[in-house]
Amino acid sequence: MTYDNLILLCFISFLILINAQQHDDEKDLPQDLYQSIRSSKSSFDAQFQRGQCPDHFFQIGNECLYFATDGKKYSWYQAQRVCIRQITRSLERQTSFVLGKTFIQPTKGVRQLILNTPEKTKILQALFREYDELNYAIQLPTDYNTLQRCHDDKEDYWPNYCVKPESPNATCFETSELGSNHICLRQINCNKRYSRLACEFTLPGNPELTASKFRHCPKARGLHQRLSVWAWVLVAVGAMLLLLLILGGILAFIRNSKTESTDIKQSIPERRSTGGQIIDDVSRPRNDSFIEPMLVRAAPSNVSDTDYLQLQSLKRVVPPTIPTTK
């Protein structure tokens with residue numbers, strides 16, 4: 001076998017694989033995209049209409065939504081793949097969605113339905129109420145578990161979980177029955193559970209919806225959350241300055257106290273200098289045995305005598321020495 005024949009054989013095999021894949025895609029493509037088997041009800045059609053979307057799609061805001069009705073079910077990941085590849089290919093065949101001879105590409109292509117607006121909840125509930133259609137494989141927005149619900153007894157069309165998910169990062173969900181014509185969201189096995197197909201795309205020329213539109217009530221933020229980073233820096237600097245002022249005041253008080261005690265000690269001299277002589281402040285005991293004149297009150301001989309005060313000499317009495325026997 002020549003080299004040219006080998007190349008030709010590989011090329012033919014590649015074409016066969018492409019045709020087989022296209023045939024499989026056509027086989028798995030929901031048939032109701034071409035012919036709807038859902039009966040028309042005025043109550044539903046009056047609320048949800050095609051608008052600018054292709055056939056069998058419903059316009060919700062700037063998005064076109066598609067819900068399969070043929071009963072065929074897919075695993076969650078298969079549903080993603082069908083929306084991205086096969087529904088996009090089917091749109092190319094609809095002449096009603098072609099401007100001139102150019103196919104209008106949806107913004108970022110077709111995707112699995114993301115439940116991020118109350119209007120999408122309304123149409124899912126209407127499908128359940130009017131046509132008993134449930135178990136659509138859907139995605140949840142990234143902020144679904146972070147937004148705070150209001151809990152004010154007002155209808156916000158924010159579906160609850162049927163059972164709280166095992167993990168906050170769960171991704172695979174389907175719609176289920178809650179009762180009283182309401183739906184809930186049930187976590188499913190992404191590969192083993194088979195659900196119905198729900199797809200959407202954004203109309204050309206419009207931005208893709210990235211944030212949820214459910215009515216939510218943010219919690220009142222505390223002081224720590226309200227203040228910016230620079231405000232906290234200013235608070236920290238002010239606290240440090242206040243602490244330094246307090247410490248400075250304490251140190252100044254201690255220094256002044258020491259200074260005052262030193263001044264008091266220095267203001268009481270132990271000795272005074274007078275005329276070049278040092279005089280003791282405290283009287284010394286006198287050891288000199290000299291005679292000092294003193295006034296001694298003598299017993300008056302007569303009461304009328306006024307000269308009873310006489311100047312007498314007073315000798316200092318020296319106690320006698322007691323001999324000690326040896």
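Phe173 is paired by a bridge with Gln187 of strand 9. The structure is a predicted model, in which local features need pLDDT of at least 70 and side-chain atom pairs count only at pLDDT 80 or more, while totals for chains, interfaces and linings use all residues. Residues are numbered from 1 along each chain as its sequence is written, and side-chain values use heavy atoms, with hydrogens and water left out.

Helices (H or I, at least four residues) and strands (E, at least two) are DSSP runs numbered from the N terminus. Strand 8 (residues 173-179) runs antiparallel to strand 9, and six bridges join the two. Helix 4 (residues 118-131) packs on the sheet and touches strand 8 and strand 9, contact meaning heavy atoms within 4.5 Å. The direction of helix 4 makes about 105° with that of strand 9; axes are lines fitted to C-alpha atoms, for helices over the stretch in contact, and angles run from 0 to 180 degrees between N-to-C directions.

Turning to the interior, a nonpolar core is a set of buried Ala, Val, Leu, Ile, Met, Phe, Trp, Tyr and Cys residues joined through side-chain atoms within 4.5 Å, buried meaning under 20% relative accessible area with a 1.4 Å probe, protein chains only. The largest such core has 27 residues, of which Phe44 and Phe67 touch the most other members. Helix 4 gives the largest share of this core, six residues. Apart from this core lies another, of 21 residues, including Cys53 and Tyr66.

Finally, residues 229-254 are listed by UniProt, in an unreviewed entry, as "transmembrane region"; such annotations may be inferred rather than shown by experiment. This stretch is 100% helix and 0% strand, with its end C-alpha atoms 38 Å apart.

Technical notes. Pairing = 2+ DSSP bridges. Buried < 20%, exposed > 50% of the residue type's maximum accessible area, 1.4 Å probe, protein only.
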